[in-house]
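The following paragraphs lead through the structure shown below. Please keep the sequence and the coordinates at hand while reading.

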Amino acid sequence: DQALTNIFETGLAAWRAQIATRAQVLRSGMKELGLQFLIDPAHMSNSVTTVYVPSHISPDELRSKLKGRSIIIYSGKGPIAKTVFQVGNIGILQDS
């Protein structure tokens, strides 16, 4: 219910623009870190970003380290579950 309330209060067009901006900010930062995307960003949904797990760390270790910094990532799905992680772009992004 809260998600719909947020959309109605913001307006659908403005909400979609906010999500697109969040996705762009998140993906720009990931690219600066040298992370590789599963899908070309031009073809990605604005609601989720799927990224290859860097070769020097396991998905579980990465998730644990990021969780300690209040960053939540999700496992990939199916046959690529151990090679990618996903980040939802709809939540709040902070500058810190």
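The buried residues of helix α3 pack against strand β3; contact here means heavy atoms within 4.5 Å, and buried means under 20% relative accessible area, exposed over 50%, and partly exposed in between, with a 1.4 Å probe and protein chains only. Helices (H or I, at least four residues) and strands (E, at least two) are DSSP runs, numbered from the N terminus.

The model is a predicted one, in which local features need pLDDT of at least 70 and side-chain atom pairs count only at pLDDT 80 or more, whereas totals for chains, interfaces and linings use all residues. Residues are numbered from 1 along each chain as its sequence is written, and side-chain values use heavy atoms, with hydrogens and water left out. For pLDDT, the predictor's confidence in each residue from 0 to 100, the mean over the protein is 89, and 94% of the residues reach 70 or more.

Which residues of α3 are buried? They are Pro59, Leu62 and Leu66. Seen down the axis of α3, these buried residues fall within an arc of 65 degrees, so they line one face of the helix; the arc is that of the directions from the helix axis to the C-beta atoms. Ser64, Lys65 and Lys67 are exposed on the other side of α3. With residues up to four places away in sequence not counted, Leu62 touches Val53, Pro54, Ile57, Ile73 and Phe85.

Leu62 also belongs to the largest nonpolar core, which has 13 residues; Leu62 is among those with the most contacts inside it, together with Met30, Val51, Ile73, Phe85 and Val87. The elements that give two or more residues to this core are α2, α3 (59–67) and β3. A nonpolar core is a set of buried Ala, Val, Leu, Ile, Met, Phe, Trp, Tyr and Cys residues joined through side-chain atoms within 4.5 Å. In soluble globular proteins, nonpolar side chains tend to be buried together.

The next subject is the sheet. Three strands form an open sheet in the order β1-β3-β2, with antiparallel pairing. Its edge strands are β1 and β2 (74–75), each of which pairs on one side only. Helix α2 (residues 12–32) packs on this sheet and touches β1 and β3, its direction making about 10 degrees with that of β1. Axes are lines fitted to C-alpha atoms, for helices over the stretch in contact, and angles run from 0 to 180 degrees between N-to-C directions. Two strands pair if DSSP finds at least two bridges between them; β2 and β3 (residues 84–88) are joined by two bridges in the antiparallel sense. In this pairing, Tyr74 stands opposite Gln86 in β3.

Two loop residues deserve mention. Ser70, in the loop between α3 and β2, has a positive phi of about 65 degrees although it is not a glycine. Ser70 is exposed, with a relative accessible area of 68%. Ala42 lies in the loop between α2 and β1 and counts as exposed at 67% relative accessibility. From Ala42 to Val87 the separation is 45 residues in sequence and 17 Å in space, C-alpha to C-alpha.

Taken as a whole, the protein has three helices and three strands, which run α-α-β-α-β-β from the N terminus on. Buried residues make up 25% of its 96 residues.
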